[in-house]
Number of protein chains: 2
Amino acid sequence: MKYNKDTSEKILDSAIDIFQENGFNGTRMQAIADKAKINKSLLHYYFKSKDKLFQIIIEKAVKLFIPRVLKVINVEGDIFQMIRDFVSAYIDMLRKNPHIPSFIINEINNNPERLLKLLKTSGFNVDFVKVKIQEDIDKGIIRDISPEHLLLNTLSLCIFPFVAKPMVVGIILNGEEDKFEKLLDERKKVVANFIIDSIKI
Amino acid sequence: MKYNKDTSEKILDSAIDIFQENGFNGTRMQAIADKAKINKSLLHYYFKSKDKLFQIIIEKAVKLFIPRVLKVINVEGDIFQMIRDFVSAYIDMLRKNPHIPSFIINEINNNPERLLKLLKTSGFNVDFVKVKIQEDIDKGIIRDISPEHLLLNTLSLCIFPFVAKPMVVGIILNGEEDKFEKLLDERKKVVANFIIDSIKI
DNA sequence: AAGTATCTTAACCATTTGGTTAAGTTTGAC
DNA sequence: GTCAAACTTAACCAAATGGTTAAGATACTT
């Protein structure tokens with residue numbers, strides 16, 4: 001076989017860090033090589049070009065960011081528990097990968113078609129969640145709210161603090177950075193309750 | 001006097017567009033000059049360097065993005081009306097400047113200290129809103145919720161759709177881009193009601 | 001021991017880009 | 001008409017950067 005898997009993963013690990021921190025244009029191939037403790041020649045030996053490498057990285061990030069958590073969802077059960085489970089699992093995942101949201105949002109804004117293609121080829125779809133929401137509205141379990149907006153609200157509440165951390169610290173926490181982690185700690189419960197209080201009858 | 005105000009503004013207008021679209025690293029001075037229909041020499045004649053120009057642009061963007069809407073808030077009045085007014089005014093402003101949120105979030109992540117400094121020198125502060133929220137909790141007008149989280153939730157719900165437009169289109173709207181504007185249309189009412197339903201007793 | 005894949009060293013190249021310089025032209029105020 | 005400020009043209013430069021090349025060293029497999 002042509003490549004050493006360890007090395008290849010070492011490179012990818014380094015690349016994801018550097019790309020996430022600096023974006024595509026801000027990233028230097030040399031910086032990736034340095035972080036992976038190899039040289040630039042080997043970097044090009046494994047991944048032909050910056051673009052190729054970046055494409056692999058962003059696919060990995062998108063796949064991590066998007067579909068995994070949906071598996072948590074059990075559309076058969078109680079919608080309130082569903083919300084609690086989703087919010088909890090998603091915020092947990094984001095705390096483990098705090099740079100991913102801004103990375104994706106940033107790079108996806110530069111090239112929106114890429115995301116659309118990725119979503120299509122991965123067969124990703126949330127229609128089953130929308131259907132579940134509509135069913136529970138019809139059954140009178142929750143208030144009448146557009147499923148799209150409920151989904152968007154949920155994602156907004158989960159993701160936004162991670163993309164806007166400096167803003168949150170600066171505006172809401174009066175610059176006291178150390179309070180941010182505590183805020184995130186509370187957030188799993190607060191967000192779930194906020195949503196549930198809003199839609200329950 | 002040394003500078004022609006028209007020219008200087010033509011440059012700033014062009015610069016804000018280009019920077020917003022491409023970020024600091026993705027922006028070429030030549031592109032700004034082209035858009036302003038002047039030449040690169042004149043660009044440096046007006047603004048010494050890319051960094052200087054960028055600093056001016058980001059200050060303008062931050063000042064537009066952050067404090068203006070707070071003036072809408074009348075802390076004397078009904079908190080529910082206050083929420084409706086704020087959400088409505090803020091979403092209106094964002095629709096007029098849809099690229100500002102991702103620009104700020106993106107560049108502020110690259111240099112968080114800059115935002116903190118800007119906020120401090122501008123004397124920006126939201127404590128009076130937090131106090132109002134706490135008062136209304138104590139009076140039993142709204143549910144017990146941390147003022148910080150209520151503020152953060154409100155900002156998340158308003159801003160997130162603008163920074164994550166491609167994601168929203170791809171994931172929630174199944175790629176049907178034309179539905180996005182309609183979603184935004186509905187959002188002023190939906191968000192306000194969502195928050196109010198969540199906190200009212 | 002031989003051979004092959006992995007990895008390093010180091011020099012090199014083409015291009016891009018922020019920024020400069022210098023000379024000249026246009027324009028408007030007095 | 002004069003003079004200075006505003007603006008253009010065009011050539012230029014140094015540094016950074018993505019990418020290449022070639023020769024050799026190291027290690028693994030058989």
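Analyst: Start with contact. Two residues are in contact if their C-beta atoms, placed from the backbone, lie within 7 Å. The model is predicted. By that cut-off, 42 residues of chain B are in contact with 42 residues of chain A.

User: Which elements give two or more residues to the side of chain B that touches chain A?

Analyst: They are helix 1 (5–26), helix 6 (100–110), helix 7 (112–121), helix 9 (147–163), helix 10 and helix 11 of chain B. Helix 9 of chain B gives the largest share, 11 residues.

User: What classes of residue make up the side of chain B that touches chain A?

Analyst: That side has 25 nonpolar, 13 polar and four charged residues.

User: What makes B:Asn174 partly exposed?

Analyst: Buried needs 20 or more neighbours, exposed needs 12 or fewer, and partly exposed is in between. B:Asn174 has 16 C-beta neighbours inside 10 Å, so B:Asn174 counts as partly exposed.

User: Where is B:Asn174 found, and what is its phi?

Analyst: B:Asn174 is in the loop between helix 10 (165–172) and helix 11 (179–199) of chain B. Its phi is near 55 degrees, a positive value in a residue other than glycine.

Definitions and conventions: Residues are numbered from 1 along each chain as its sequence is written. Chains are lettered from A and ligands numbered from 1 in the order in which they are written. This is a predicted model: local features need pLDDT of at least 70, side-chain atom pairs count only at pLDDT 80 or more; totals for chains, interfaces and linings use all residues. Helices (H or I, at least four residues) and strands (E, at least two) are DSSP runs, numbered from the N terminus. Ala, Val, Leu, Ile, Met, Phe, Trp, Tyr, Cys and Pro count as nonpolar, Asp, Glu, Lys and Arg as charged, and the others, Gly among them, as polar.
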